[in-house]
Amino acid sequence: MSKLVLEGVGKRYGEGVNTVYALQDVSMRVEAGEFVAVVGPSGSGKSTLLAIAGALLQQSSGNVLINGVDISSFSPAKLAQVRLHQIGFILQSSNLVPYLKTIDQLLLVAELSGTRNRETAVRAEKLLTELGLAHRRDHYPEHLSGGERQRVAIARALMNDPDVILADEPTASLDTTRGKEVVEMLVREAKSRGKAAVMVTHDERMLHLCDRVLRMTDGKLQEVNP
Amino acid sequence: MFLALRELKHSKMRYVLIGGIMMLIAWLVFLLSGLANGLATDNGSSLKNMKADAIVFQSEVKLYLHRSLLPMSKLDEVKGVQGVTNAAPLGMLTVTTKDSDGTESIDATMLAIQPESFLAPKVIEGQALAANSGQEAVVDKTFKRHGVKLGDELKIQSSDQTVKVIGFTTGQTYNHLPVIFTNIPFWQKIRFAAPGSDSGIQNPISAIAVQSQQDGITDMLNQKLSGVETVTRDVALQNLPGYKEEMGTITMMLAFLFVIAAFVLAVFFYVLTLQKSNQFGVLKALGASTSYLAKNLLGQIFLLSLVSIVVGAGLTYLVAAVMPGEVPFALDNGVVVVYSVILLIVSMLGAMISLRRIAKIDALQAIGKVE
Ligand SMILES: Nc1ncnc2c1ncn2[C@@H]1O[C@H](COP(=O)(O)OP(=O)(O)OP(=O)(O)O)[C@@H](O)[C@H]1O
Ligand SMILES: [Mg+2]
């Protein structure tokens with residue numbers, strides 16, 4: 001069973017003459033252990049796609065299935081639960097909570113899902129070690145480098161053991177070397193843990209690390225043949 | 001409170017400043033309330049501490065003790081009314097005294113009593129008044145500040161009388177003046193020295209203090225007796241000259257202070273919330289519910305307010321301890337607690353406005369943005 005399925009998804013912003021068709025009849029499937037890249041020009045609808053796949057935004061038409069469950073008609077509260085338990089987001093550098101130490105960034109996920117206990121504490125420590133962040137355990141985001149911050153974001157996305165990992169331009173604020181390191185780590189962690197992963201990127205140099213590449217143009221999604 | 005506590009810890013300076021403002025407001029509130037209470041006490045502590053439930057005045061004198069005149073015969077009439085457990089006569093006169101060995105004039109309120117009645121003051125030093133004690137007096141300890149000692153003779157100006165101080169009492173002021181307790185015949189000699197000033201009343205007194213457990217005893221007395229106006233002790237206190245005006249001014253200041261506190265705090269919290277709206281977006285994208293974020297915000301503000309108010313109260317008690325004796329300042333613990341609770345509620349109400357803002361924040365704003 002595919003972890004993430006989009007069927008004929010469309011998204012319309014605005015009304016009347018201002019209507020923007022951000023997504024048109026987009027379909028995609030991502031299996032467990034698969035790493036998919038989405039590329040495309042600015043304004044083509046990549047972030048919109050990710051927001052819909054990540055239960056942050058409701059589509060205007062079509063269906064979204066996460067782990068086989070259609071979330072199209074879920075209430076906002078239920079969507080929050082889906083995000084909490086089944087989705088791991090990795091966004092830009094600004095997405096760590098500024099007043100939390102690295103370890104607390106991970107524990108926050110457990111706290112939000114009401115499972116903060118000894119077990120999740122051990123899990124958080126383990127994740128930090130695995131992602132090479134143990135020595136940054138008690139640092140605030142302001143004292144981390146850009147690459148470290150994104151690694152913390154990856155660790156945080158893995159904390160709730162989600163089915164789907166979504167990353168929107170995770171390397172946007174990093175230089176090439178750091179960006180490559182982060183993507184390599186993301187690919188490694190997602191694949192080894194059997195996650196279905198989708199990454200939006202502008203950086204064509206990252207594409208060889210991915211299983212498949214999809215191109216977004218004017219709200220339409222196409223497979224790119226390698 | 002996971003987020004609330006960690007944020008307080010991380011942004012110490014910011015919250016210390018806001019807490020500081022809250023503390024200053026609380027401090028001001030407590031100081032004003034202490035002043036209000038102090039002035040009230042100063043104005044009529046004799047009345048406030050009097051072991052009486054009701055006071056019988058002459059009718060149509062606006063409950064002014066200095067204008068009220070009743071014949072002593074009314075005392076037996078009062079005692080005869082059902083429900084009255086005890087009654088005692090009271091005489092009052094504002095006097096200026098002069099210590100025999102000093103040059104300083106001291107204004108005072110002379111209260112005349114029957115030494116064996118329940119109006120007799122508690123003596124903290126020296127002796128109590130005896131029946132037929134003649135020209136002897138028990139005076140409030142404020143007199144000590146003017147150099148008056150036990151055994152001193154006080155000259156009552158505008159009369160040829162003197163009294164000997166045989167005891168000191170405490171907490172006895174009337175019309176902001178310290179009280180001199182004497183017996184009734186001595187007071188009558190001074191009060192009614194001018195011929196005709198007794199309006200022809202036999203054995204005149206000013207008023208009668210009444211003890212009674214019974215509800216509606218004031219109505220009962222007014223019904224049964226002619227030419228009197230009876231009120232409860234609290235009403236008599238509020239009718240002291242200047243009392244309402246003093247309390248009104250301070251109450252108004254306190255009310256404004258609460259309103260100002262509400263606005264200032266609401267604005268602070270709102271600006272903070274606006275500043276943090278990006279973070280709230282991220283938290284919502286992670287799956288935090290509005291109610292979780294609301295609980296953290298309210299918890300944080302509750303904690304901050306509580307600490308600030310407690311520190312403010314502590315400072316107030318500190319100030320009260322070092323305040324010089326002449327300043328009319330008296331903290332009432334009950335009032336401090338009540339005002340603390342009001343301040344706490346005011347700050348929580350201020351925080352409520354920010355909750356609407358948090359509810360409106362969209363998780364979506366976290367995505368697709370580069371800082
Ligand atoms: N809330 C909105 N209201 C109206 N139009 C919107 C809204 N969000 C996005 N759009 C429009 O939808 C289209 C797709 O936006 P989207 O953010 O998905 O593009 P993108 O591919 O992520 O671009 P970029 O590479 O610059 O991040 C754009 O034309 C944008 O202007
Ligand atoms: Mg985008």
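Let me start in chain B, with B:Ser158, which sits in the loop between β7 (153-156) and β8 (162-169) of that chain. Keep in mind throughout that this is a predicted model. The phi angle of B:Ser158 is positive, near 60 degrees, and the residue is not a glycine. Why mention that? Most residues other than glycine have a negative phi. Is B:Ser158 buried or exposed? Its relative accessibility is 84%, and exposed means over 50%, so B:Ser158 counts as exposed.

A:Glu169 is not a glycine either, and its phi is positive, at about 45 degrees. It also lies in a loop, this one between β7 (164-168) and α6 (176-192) of chain A. Its accessibility tells another story. A:Glu169 has a relative accessibility of 15%, and the limit for buried is under 20%, so A:Glu169 counts as buried.

Now to ligand 1. How many residues surround ligand 1? There are 13, and the closest are A:Ser42, A:Gly43, A:Lys46, A:Ser47 and A:Thr48. By type, the shell consists of four nonpolar, seven polar and two charged residues.

Which elements of chain A supply at least two residues each to this shell? They are β2 (20-30) and α1 (46-53). Of the contributors, α1(A) gives the most, with three residues.

Next, some individual atom pairs. A:Ser42 has a polar side-chain atom 2.4 Å from an oxygen atom of ligand 1. A:Gly45 takes part through its backbone: an N or O atom there is 3.0 Å from an oxygen atom of the ligand. Ligand 1 on its own has 630 Å² of accessible area, and the protein covers 60% of that.

Where is A:Lys78? It belongs to helix α2, which spans residues 76-86. Its relative accessibility is 46%, which lies between the 20% limit for buried and the 50% limit for exposed, so A:Lys78 counts as partly exposed.

To go back over the accessibility values: B:Ser158 is exposed, A:Glu169 is buried, and A:Lys78 is partly exposed. That is the end of my part.

Notes: Residues numbered from 1 in each chain as written. Chains lettered and ligands numbered in written order. Predicted model: local features only at pLDDT ≥ 70, side-chain atom pairs only at ≥ 80, totals over all residues. Heavy atoms only, no water. Helix = DSSP H or I, 4+ residues; strand = E, 2+ residues; numbered from the N terminus. Buried < 20%, exposed > 50% of the residue type's maximum accessible area, 1.4 Å probe, protein only. Near = heavy atom within 4 Å. Polar contact = N/O pair within 3.5 Å; in protein donor to acceptor, adjacent residues only side chain to side chain. Areas by Shrake-Rupley, 256 points an atom, 1.4 Å probe, with all protein chains shown as cover. Nonpolar A, V, L, I, M, F, W, Y, C, P; charged D, E, K, R; others polar.
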